[in-house]
Amino acid sequence: HNSQDGTSMATYGAAGKTWTGTGPYPGLVRGGCLGCHGMGTADKIVTIGSSDIPQVYHTDPSGDLAGGNFAYITGAANKGSGNDNRGHNIVDIGNPDETHDDTTPGAFLGAEHDINAVPPQELTCAGENGCHGKRSPGSGNSNLYALKGAHHKNVDGKNDVADSDYNSYRFLWGVKGLENQTDKWQNKNSSSHNEYYGATSPLQYNGGNCNSTCHSPDGITAPQNTISGFCATCHGNVHTLSGGTYGDEAGIGASNSSPFQRHPTDVLLPAGGEYGTYNPNNLNQYSVEAPVARTTVPDNIDNTVNPGVDVVMCLSCHSSHGSNYPDILRWDYNDMSVGATGAAAGTGCFTCHTGKDGT
């Protein structure tokens, strides 16, 4: 905050780290979201005093936090030119999206209203056009007003109520989950990772049920309290069932059973067929490269995956902030050749689609 001990407005300096904002900012803070969480240093976790602060824009060579890294968009993280398709191009990083300049990819269009068809160059960390905090029209584009009070009341660890921002997973309003307390903010290995919440079938949007699925008095929340349902509030065409208000062209298909017209989420990871095993390199051991969701929020981290019980979600394939691969994928899709062996065997898509790997 700015008002402590007469320090100057919108500046921050510490040993080896300097950030200068433009201010003033709401809530007496020194900068916007990236003022604390995107300092652009070589550390994915920055320590100020006794506080550890997770970084979503950094150049740490040891890797990224669970949500990924916006620095892949600008090229700062991979020392390259960067690319708009490497992440969610939030306005805070000052790099307008030149690839998707009209509307959110996969948004519902042409129906009774354009639900969350937000031009990508207007995406923010939080608020009406963002992901975190209160996502209501009253919050506008202000990241900080949307998160007012959330840090002070933060429920750390298990979030299975999710009726406000402070008790929702990572301040994603309405999302349930278990935040990793072993290595905070990280998916490190099978025994140290976040636990995500999922459903066994995505929703189908029929006329009039938006108010019972997404819209609340405080703004837009996650249908079914799942992380994939949350993504669907902007990318509904690719994360809902077909039919209903938005027609047969939208959605993954008419049901949560194959064949699908788009890759499904909030469906059970099949226990047979080409999905005969999960993570064949370490049979049924939780893979942080292709994580799954659970149908109940667990009390503790589980290092195993149970096909037929656990759930495919958006984050099984994508990072949320940014990755070093196109479409924010967790791996290089060019390596995913059916029947391939070698370094890619048992990785990426083949973590689940084991029947397409090897021979």
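**Stop one: an open pocket**

The lining of the second largest pocket splits into eight nonpolar, nine polar and seven charged residues. In this sorting, Ala, Val, Leu, Ile, Met, Phe, Trp, Tyr, Cys and Pro are nonpolar, Asp, Glu, Lys and Arg are charged, and the others, Gly among them, are polar.

Before you click further: this is a predicted model, where local features need pLDDT of at least 70 and side-chain atom pairs count only at pLDDT 80 or more, while totals for chains, interfaces and linings use all residues. Residues are numbered from 1 along each chain as its sequence is written, and side-chain values use heavy atoms, leaving out hydrogens and water.

Now select Asp 64, Leu 65, Val 288, Ser 319 and Arg 330: of the 24 residues lining the second largest pocket, these lie nearest its centre. The pocket holds about 490 Å³ of space. A pocket here is an open set of points on a 1 Å grid over the protein atoms alone, with protein on both sides within 12 Å along at least five of seven lines; a cavity is a set where a 1.4 Å probe fits but cannot get out, and lining residues have an atom within 4 Å of a point. Points are joined across faces, edges and corners, and a volume is the space filled by probe spheres set on them.

How many cavities of 30 Å³ or more does the structure hold? There is one. The largest cavity has about 40 Å³ of space.

**Stop three: a hairpin**

Head over to strand S3 (residues 45-48), which pairs with S4 in the antiparallel sense over four bridges. Strands are DSSP runs of E with at least two residues, helices are runs of H or I with at least four, and both are numbered from the N terminus. Two strands pair if DSSP finds at least two bridges between them.

Pick Thr 47 and you'll find Asp 52 of S4 opposite; pick Ile 45 and its bridge partner in S4 is Pro 54. Two residues sit between the strands of this hairpin, and Gly 49 takes a positive phi near 60 degrees.

Next, click Ile 53 in strand S4 (residues 51-54). Is Ile 53 buried or exposed? Ile 53 is buried, with a relative accessible area of 12% (buried is under 20%, exposed over 50%, partly exposed in between, using a 1.4 Å probe and protein chains only). Ile 53 touches Cys 36, His 37, Lys 44, Ile 45, Val 46 and Ile 48, leaving aside residues up to four places away in sequence; contact means heavy atoms within 4.5 Å. Try the distance tool on His 37: it is 16 residues from Ile 53 in sequence and 6.5 Å away in space, C-alpha to C-alpha.

Select Ala 162, in the loop between strand S5 (158-159) and strand S6 (177-178). Ala 162 has a positive phi of about 55 degrees, although it is not a glycine, and it counts as buried at 6% relative accessibility.

Last, find Pro 259 in the loop between helix H6 (227-232) and strand S10 (267-268). The peptide bond from Ser 258 to Pro 259 is cis, with omega near 5 degrees.
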